[in-house]
Amino acid sequence: GIVAAFTQFLRFLRSRDVVSDPYPQLHGRVHVVLVLTPSAHHQIVRALEHQGYAGWLVRREDVFLLLPVSKTEVKRALNEIFRAMAGVELEDVIEDLTALNILYVVSRGSPGTLVKLAQSIIMKAAKDCGGRLCVCRLGLRELLDVLRNTPIESLSDIGAEVVYALNRELV
């Protein structure tokens, strides 16, 4: 898996066998940036400890935590995402802005999940207007349909429960 590949990559970088090494100029000049979930980070740290690279990692590791988007930032974040994706404003796509609370709860403020939800919302709202992109405004029912059809692994457990409860309430 990824841990074995990363360990092999480290061995390559740390090897000092200049005769068989086709890239001796890389030694000491390579920087690796990994964007990992906490569980993947833990797996890599454990695997490196077992391979004898624990000290190497401690001396070189910088961890930057990407914090979730706060409830008050969701509107601005989604507006920027919609603007970047389709050149439209949030109000052009979402009819009832109280739905932002649902999107926040479902995503738990995860920027990646918010982007995925925004992509799904834009795909639902998009229509062809004579060769150019137009969007229609989505009501709460259409947004729930988007949430229902977004792959569940991208939604939090609590988000799936919220979608289920709201579905039952509206039906």
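Two residues are in contact when heavy atoms of theirs lie within 4.5 Å. Keep that in mind for this tour. The model on screen is predicted.

**Stop 1: the whole chain**

Show the chain as a cartoon. Look for nine helices and two strands. The order of elements is α-α-α-α-α-α-α-β-β-α-α.

The accessible surface of the chain is about 11500 Å². Carbon and sulfur atoms account for 56% of that surface. Of the 171 residues, 33% count as buried.

Next, think about contacts across the sequence. Take those between residues at least 6 apart in sequence. Of these contacts, 58% join residues at least 24 apart.

**Stop 2: helix 4 and helix 7**

Select residues 74–86 for helix 4 and residues 111–125 for helix 7. Their axes are 10 Å apart, and the packing angle is about 55°. That angle makes helix 4 oblique to helix 7. The crossing is right-handed.

Now show side chains. From helix 4, pick L78, I81, F82, M85 and A86. They meet L114, V115, A118, Q119, I121 and I122 in helix 7. What classes of residue make up the contact of helix 4 with helix 7? Ten are nonpolar, one is polar and none is charged.

**Stop 3: helix 6 and helix 8**

Hide the last pair. Select residues 99–107 for helix 6 and residues 140–149 for helix 8. The two pack at an angle of about 15°, and 11 Å separates their axes. Helix 6 is therefore roughly parallel to helix 8, since angles under 35 degrees count that way. Helix 6 passes helix 8 in a right-handed crossing.

Colour the residues in contact. Helix 6 brings A99, I102, L103 and V106. Helix 8 brings L140, L143 and L147. By class, this contact has seven nonpolar residues, with no polar and no charged ones.

**Stop 4: L143**

Stay in helix 8 and click on L143. Is L143 buried or exposed? L143 has a relative accessible area of 3%. Buried means under 20%, so L143 is buried.

Which residues does L143 touch, leaving aside those up to four places away in sequence? Select I94, A99, I121 and L138.

Finish with a distance. Pick the C-alpha atoms of L143 and L117. These residues are 26 apart along the chain, and the two atoms are separated by 9.6 Å.

How values were computed: Residues are numbered from 1 along each chain as its sequence is written. This is a predicted model: local features need pLDDT of at least 70, side-chain atom pairs count only at pLDDT 80 or more; totals for chains, interfaces and linings use all residues. Side-chain values use heavy atoms; hydrogens and water are left out. Helices (H or I, at least four residues) and strands (E, at least two) are DSSP runs, numbered from the N terminus. Buried means under 20% relative accessible area, exposed over 50%, partly exposed in between (1.4 Å probe, protein chains only). Accessible areas come from the Shrake-Rupley method with a 1.4 Å probe; for residues, only the protein chains shown count as cover. Axes are lines fitted to C-alpha atoms, for helices over the stretch in contact, and angles run from 0 to 180 degrees between N-to-C directions. Angles under 35 degrees count as roughly parallel, over 145 as roughly antiparallel, 65 to 115 as roughly perpendicular and the rest as oblique. A crossing is left-handed if the near helix is turned anticlockwise from the far one by less than a right angle, and right-handed if clockwise. Ala, Val, Leu, Ile, Met, Phe, Trp, Tyr, Cys and Pro count as nonpolar, Asp, Glu, Lys and Arg as charged, and the others, Gly among them, as polar.
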